[in-house]
Amino acid sequence: MAAHNLGTELDLSWISKVQVNHPAVLRRAQQVQARRTVKKEWQAAWLLKAVTFIDFTTLSGDDTSSNVQRLCYKAKYPIREDLLKALNMHDKDITTAAVCVYPARVCDAVRALKAAGCNIPVASVATGFPAGQTHLKTRLEEIRLAVEDGATEIDVVINRSLVLTGQWEALYDEIRQFRKACGEAHLKTILATGELGSLTNVYKASMIAMMAGSDFIKTSTGKETVNATFPVAIVMLRAIRDFFWKTGNKIGFKPAGGIRSAKDALAWLSLIKEELGDEWLKPELFRIGASTLLSDIERQIYHHVTGRYAAYHDLPMS
């Protein structure tokens with residue numbers, strides 16, 4: 001993981017006059033979605049690369065230590081070994097970028113990954129996920145407990161009401177406190193963009209989160225009605241680019257929620273390459289939050305290798 005973003009002083013003049021050109025953003029998003037995808041061996045290569053960006057996630061009310069253990073095993077062995085051998089990629093140590101769980105399951109994930117003999121990071125959601133409506137003291141304690149249990153990445157969720165009411169100083173102060181509570185863990189700030197009201201608010205919230213010290217900005221919890229969309233992503237990526245141009249700090253980006261197909265993953269990689277460049281196409285600066293995406297990627301890899309699609313029993317369940 002890259003070095004921490006230390007943040008900057010709050011500069012409200014930077015965002016006070018921002019207005020996002022909504023029609024232009026929608027046109028750009030349509031271009032991304034309409035583009036033909038790569039094919040054959042190039043597609044296989046891009047899909048294997050996409051695997052290394054996945055924050056492999058389980059955030060269900062019925063999570064248990066056993067299904068977290070299965071998640072961790074699949075994170076270490078995301079693609080069947082015979083398929084990787086057929087592509088001559090079996091010795092490249094392809095794993096997912098991290099596993100992401102609830103705070104109460106962090107210990108289970110740390111134990112499972114240690115038993116599997118790998119160093120995949122454990123990410124924990126925190127701060128009253130997904131609503132972010134609990135008391136600040138409780139949210140900060142949740143971060144500290146997850147870090148104590150071994151989480152090295154914390155996916156915090158902001159209080160959306162602060163954005164909707166324009167309380168930018170309060171939002172900055174809260175995220176600064178999240179940053180401090182994380183200690184050495186990396187801070188990934190979920191904006192829950194589907195609940196922010198406008199693309200202009202998305203840009204402003206992105207900028208405040210980066211000023212406050214976020215290492216990543218993330219679109220969604222995956223629990224909102226509207227999750228990761230290309231228009232929102234374009235606005236967030238432009239904010240990341242503006243922040244980099246002004247401060248020299250590279251901030252990571254994580255779309256999450258509703259990204260289920262290999263075709264979706266290829267579109268997201270293409271967008272990152274075009275908007276931010278190849279420098280951002282590494283796990284230190286780009287993640288995809290997903291729980292079912294890996295299954296479809298493995299299915300497409302199986303088809304590339306064998307010429308047919310896998311039956312239900314052909315691929316190990318994640």
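Me: How many salt bridges does the count come to in this structure?
Reply: The model is a predicted one. Side chains of opposite charge can pair when their charged atoms come close. By the rule of a Lys or Arg side-chain nitrogen within 4 Å of a carboxyl oxygen of Asp or Glu, the count of salt bridges comes to 24.

Me: Which residue forms a salt bridge with Lys188?
Reply: Lys188 lies in strand S5 (residues 186-190), and its partner lies in strand S1 (residues 54-57), 133 residues apart in the chain. The closest N and O atoms of the pair are 2.7 Å apart, which is within the 4 Å that a salt bridge needs. The partner is Asp55.

Me: Are Lys188 and Asp55 buried or exposed?
Reply: A residue counts as buried when its relative accessible area is under 20%. Lys188 has a relative accessible area of 0%, and Asp55 also has 0%. Lys188 is therefore buried, and Asp55 is likewise buried.

Me: Which residues do salt bridges that share partners join into one network?
Reply: Lys188 and Asp55 form a salt bridge, and both belong to the network. Salt bridges that share partners bring in other residues too. The network consists of Asp55, Glu153, Asp155, Lys188, Lys218, Lys254 and Arg287.

Me: Which helices does the salt bridge of Arg139 and Glu174 tie together?
Reply: The side chains of Arg139 and Glu174 meet at 2.9 Å, N to O. Arg139 counts as buried at 3% relative accessibility, and Glu174 counts as buried at 12%. The two residues are 35 residues apart in sequence and lie in separate elements, so the pair ties together helix H7 (residues 136-148) and helix H9 (residues 168-182).

Me: How many disulfides does a search of the whole structure find?
Reply: A disulfide needs two cysteine sulfur atoms within 2.5 Å. The sulfur of Cys72, a buried residue, is 7.5 Å from the closest cysteine sulfur, in Cys118, too far for a bond. The sulfur of Cys107, a partly exposed residue, is 12 Å from the closest one, in Cys72, also too far. The number of disulfides found in the whole structure is zero.

Me: Which element gives the largest share of the lining of the largest pocket?
Reply: The largest pocket has a volume of about 450 Å³, and 19 residues line it. Val32, Lys263, Asp264, Leu266 and Ala267 lie nearest its centre. The elements that give two or more residues to the lining are helix H2 (22-34) and helix H12 (262-275). The largest share, seven residues, comes from H12.

Key:
Residues are numbered from 1 along each chain as its sequence is written. This is a predicted model: local features need pLDDT of at least 70, side-chain atom pairs count only at pLDDT 80 or more; totals for chains, interfaces and linings use all residues. Side-chain values use heavy atoms; hydrogens and water are left out. On a 1 Å grid over the protein atoms alone, a cavity is a set of points where a 1.4 Å probe fits but cannot get out, and a pocket is an open set with protein on both sides within 12 Å along at least five of seven lines; lining residues have an atom within 4 Å of a point. Grid points are joined across faces, edges and corners, and a volume is the space filled by probe spheres set on the points. Helices (H or I, at least four residues) and strands (E, at least two) are DSSP runs, numbered from the N terminus. Buried means under 20% relative accessible area, exposed over 50%, partly exposed in between (1.4 Å probe, protein chains only).
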